[in-house]
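Okay, thanks everyone, let me get the model up on the screen.

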Amino acid sequence: MAKTPKSSGGTSFEERPEAVTLPDEEHPDYVAGQIADGEGSDAGTSEFGFDANISPSPAPGPLPLPGPLPRPFPFPTFCSPVSGRYRYVPLPKQPSVPTIPAPVPGRPIIPRPVPGPIIPINLLSITVRVDVDRFLPQNRISIEWHKRFPNQRAHVIAEVRSDSCTGINNRVIVADIVYRDGDPAAIPGTTVTFRARRTTGLFYGAYTLEITGGGTAKQTFNLSFQSEKFDNVEFEVDRVSNAGTIVTAYNTGDHPNRPATLPVETLSLETVYERAGFDVRMSPNTTVIPTADAGADGTWSDTEMHNAMVTYWSRFADKPQWALWVLYAARHDQGRSLGGVMFDDIGQNHRQGTAIFTDSFIKDAPVGDPNAAGWRQRMEFWTAIHEMGHAFNLAHAWQKALSGSFGHPWIPLPNEPESRSFMNYPFRVTGGESTFFSDFRFRFTDDELVFMRHAPRRFVQMGNSDWFFNHGFEAPDALSQTGDWTLQIRPNRDSNMFRFLEPVTMELKLTNTSGTAVQGDPDLLQDGRHISVYLQREGCETRRWMPMMTRCHEEHSEKIDAGEAIFGSHMISTATDGFIIDEPGFYKVQAAVDMGGEIVISNVLRLYVGSPADNKEAALAPEFFTENVARVLAFNGAPALAPAEDVLREVIAQCPDNPAVPHAKVALSAPQLRDFKVLDLEAGRESMKLTSISNKVSKAAAAQTDALLSKPDAAADTIGHIAYFGQLRSLAEALEEHGAEDKAVKVMKESIKMMKHRNILQTVIDNAERRLKRRS
Amino acid sequence: MRIEIHLQEGFSDLPVTIEAGGAVVADFIATTRLMTGLAKIVPLDLRRGEEVKVSAGKPVASTATAKADAAKPFVTVNLVDGKLHLALEERQPGYL
């Protein structure tokens with residue numbers, strides 16, 4: 001968690017020199033766009049340099065114009081820059097008539113309308129980075145693909161093969177995929193075509209991405225422009241009180257040893273990384289750190305710097321983020337030989353902190369240097385960019401090919417010992433640092449830029465091992481769907497209100513709305529493997545429900561007629577990490593099912609969990625809402641978890657009218673309906689043996705009859721129809737198996753009576769009556 | 001005179017022994033820290049012209065020697081393709 005910075009000087013905003021740069025279009029490293037010889041022609045196009053009067057950025061939408069543009073003959077065709085970041089925007093679905101169950105006499109079960117807005121979930125997320133113009137273009141298109149259900153991630157990079165301006169702001173860029181990461185099935189094509197075109201007015205208005213080739217059907221995605229930059233990043237710069245005046249900007253004309261064609265401008269830390277493709281925000285939180293934090297010796301160890309980062313960096317968090325801390329200190333424990341370091345290679349999240357040491361060799365200008373002060377400034381500025389480059393996971397120029405025990409390059413890379421890059425040591429090149437700076441243009445190499453802009457983001461993002469999105473819920477019609485299926489999640493009772501301690505059970509109903517009979521697996525919603533359920537307690541993060549149990553069954557399909565549905569039921573308050581509905585408040589719930597490529601998502605259900613009705617419920621909560629109690633409930637009993645079973649007995653005794661009681665009674669008695677096998681480990685793991693707890697069918701039957709049939713509506717409301725009638729069937733079977741046929745018949749008759757009373761599907765009632773008839 | 005042995009690139013959990021005047025003066029495991037390109041700095045007090053010998057590996061895979069020089073008191077050691085390379089430097093090596 002980020003901490004409030006503390007220092008003897010307090011947090012302050014220190015003035016930093018501003019960057020003074022050439023207008024982008026005047027800079028030799030900037031490509032403003034494309035210009036063609038004549039309108040509508042894609043022959044003879046050429047990249048245009050920095051002296052065109054071309055609008056540098058695509059506008060977010062068309063600009064209304066009063067009429068046709070007067071134009072000379074022939075009017076040059078031009079295309080404004082398109083480089084930047086785009087996101088997939090699903091096409092709006094055609095409105096369809098929703099299938100609403102007709103009201104039936106008796107107990108209508110109609111899902112209640114959801115009050116308030118629906119929270120969106122983005123199940124398919126595509127980010128496209130187009131890199132063909134603006135600063136130092138690398139002629140790449142990269143695609144970051146994340147499908148949340150089923151979970152599928154992929155990342156590809158394509159090399160541009162052609163870039164055509166076919167009309168005023170009508171651009172077509174074709175690229176061949178040369179790099180893949182993640183699931184290859186997600187992006188099966190080989191060619192990527194990016195199109196930017198104007199719709200009305202002069203500016204771009206529509207963007208699309210096509211993926212073709214590889215023998216697959218063409219996929220087309222509608223895109224929206226997000227930013228001229230490939231990612232956002234924040235830098236926070238702090239300094240130790242004895243670090244002196246720190247250098248965060250440098251005038252490239254200050255030192256005479258420089259390329260003759262190097263533009264003279266004042267570059268800042270942010271300018272360099274902006275030209276590398278990032279939207280840089282400089283944190284306003286700057287802190288002057290007391291020297292005492294370095295310890296008695298006054299120099300900094302890596303651990304001391306890490307501590308300082310945790311203490312003073314306002315964004316510190318144990319998680320990946322596009323943010324980085326830069327510390328200017330006087331000297332490291334290693335001495336003057338260390339000019340800077342990316343020190344953050346300890347802990348779980350690396351590459352979040354860097355340091356520059358102002359009292360080190362980087363201030364030792366060569367003897368006889370024509371501008372020693374300018375040399376020092378340049379070296380300190382260069383060192384800061386260099387160390388920050390390590391935080392972006394850039395290696396030293398001469399180490400790029402290292403592998404094995406040293407690490408792994410993301411792609412095979414050659415060492416570049418002579419490169420003129422921020423990531424090389426100026427004094428390592430042939431001729432030394434004077435040769436280096438004589439043709440250094442204050443940039444990264446092309447390979448380094450490709451990495452920073454297009455590599456899988458987890459490779460680049462500070463502190464990251466894996467890209468993590470935040471997600472919420474999305475209205476079903478935001479996704480393109482065939483309309484062949486409708487999924488409903490519902491509590492199977494009139495009210496969406498649940499008592500405190502009451503386990504929340506939901507029923508899923510998947511209806512064939514295609515108009516024709518189809519084949520489908522009737523167990524699809526029940527096995528736990530084909531569905532995803534998401535919950536969000538309002539105001540909190542969305543969580544995915546992970547069932548304690550999934551079933552692998554022999555797949556089979558049956559005919560599902562038009563209008564017919566399959567069902568499933570799950571206790572969603574218990575999950576693999578215990579209770580996930582354990583606090584009073586409003587919750588939103590949504591489900592999704594994979595129908596062989598099409599994701600069908602349900603309505604968003606809003607439910608309410610009440611506060612404890614009395615002190616007894618409140619007192620039981622800490623022991624009730626535990627993983628072991630969740631297991632006892634989810635598995636319908638667990639004699640090995642005796643303390644958890646005792647908690648359920650307490651609930652029965654202390655809170656007899658709480659709806660959790662039928663759940664507890666069923667869970668405590670269900671194992672007694674049969675000879676219950678346990679693994680006996682008393683003699684040790686080597687001598688473990690299987691023993692059996694003898695059934696107590698009579699006792700269990702009495703408990704279950706009481707739980708399920710003394711107040712049957714209340715029990716069915718809370719347990720849910722599928723589990724309720726399933727438990728009655730198990731009870732009847734156990735009674736029959738142990739010779740109590742009369743009692744078994746009685747339970748079956750009560751069950752059928754309740755089915756009719758609750759308006760259960762006629763097919764289910766018919767099946768139950770057939771079973772009863774066989775026994776009568 | 002004071003000299004510094006800078007073990008730089010190529011070391012990965014490798015036993016290293018430094019001898020001077022016929023005696024072992026340092027014995028350790030070296031690993032290059034890729035952030036800086038430096039594994040370890042070993043300061044030594046030697047006589048002018050005294051030979052310093054660096055060995056890497058157990059059993060020894062490579063050995064290299066240099067003679068202490070007051071004008072070039074920094075000895076850089078790099079392991080390349082399994083072979084140690086020593087060089088004498090006038091200026092203190094810098095790491096970033």
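Predicted model: local features only at pLDDT ≥ 70, side-chain atom pairs only at ≥ 80, totals over all residues.

Residues are numbered from 1 along each chain as its sequence is written, and chains are lettered from A and ligands numbered from 1 in the order in which they are written.

Helices here are DSSP runs of H or I with at least four residues, strands are E runs with at least two, and both are numbered from the N terminus.

In chain A, helix 14 (741-757) packs on helix 15 (762-775) at about 160°, axes 10 Å apart. Axes are lines fitted to C-alpha atoms, for helices over the stretch in contact, and angles run from 0 to 180 degrees between N-to-C directions. That makes helix 14 of chain A roughly antiparallel to helix 15 of chain A (over 145 degrees counts as that). Residues making the contact include A:V745, A:M748 and A:I752 from helix 14 of chain A, and A:I765, A:A768 and A:L772 from helix 15 of chain A. "In contact" means C-beta atoms, placed from the backbone, within 7 Å.

Next, helix 12 of chain A, residues 712-719. Buried there are A:A715, A:A716, A:D717, A:T718 and A:I719, where buried means 20 or more other C-beta atoms within 10 Å of the residue's own, again placed from the backbone. Those buried residues pack against strand 25, helix 10, helix 11, helix 13 and helix 14 of chain A. Just after helix 12 of chain A, A:G720 has a positive phi of about 90°.

Last stop, chain B. Four strands form an open sheet, order 4-1-7-8, with mixed pairing; two strands pair if DSSP finds at least two bridges between them. Strands 4 and 8 of chain B stand at the edges with a single partner strand each, so one side of each has no neighbour in the sheet. Strand 1 and strand 4 of chain B pair in the antiparallel sense over 6 bridges, and B:H6 has B:I41 in strand 4 of chain B as its bridge partner.

Notes:
Parallel < 35°, antiparallel > 145°, perpendicular 65-115°, else oblique. Contact = placed C-beta atoms within 7 Å. Buried ≥ 20, exposed ≤ 12 C-beta atoms within 10 Å, placed from the backbone.
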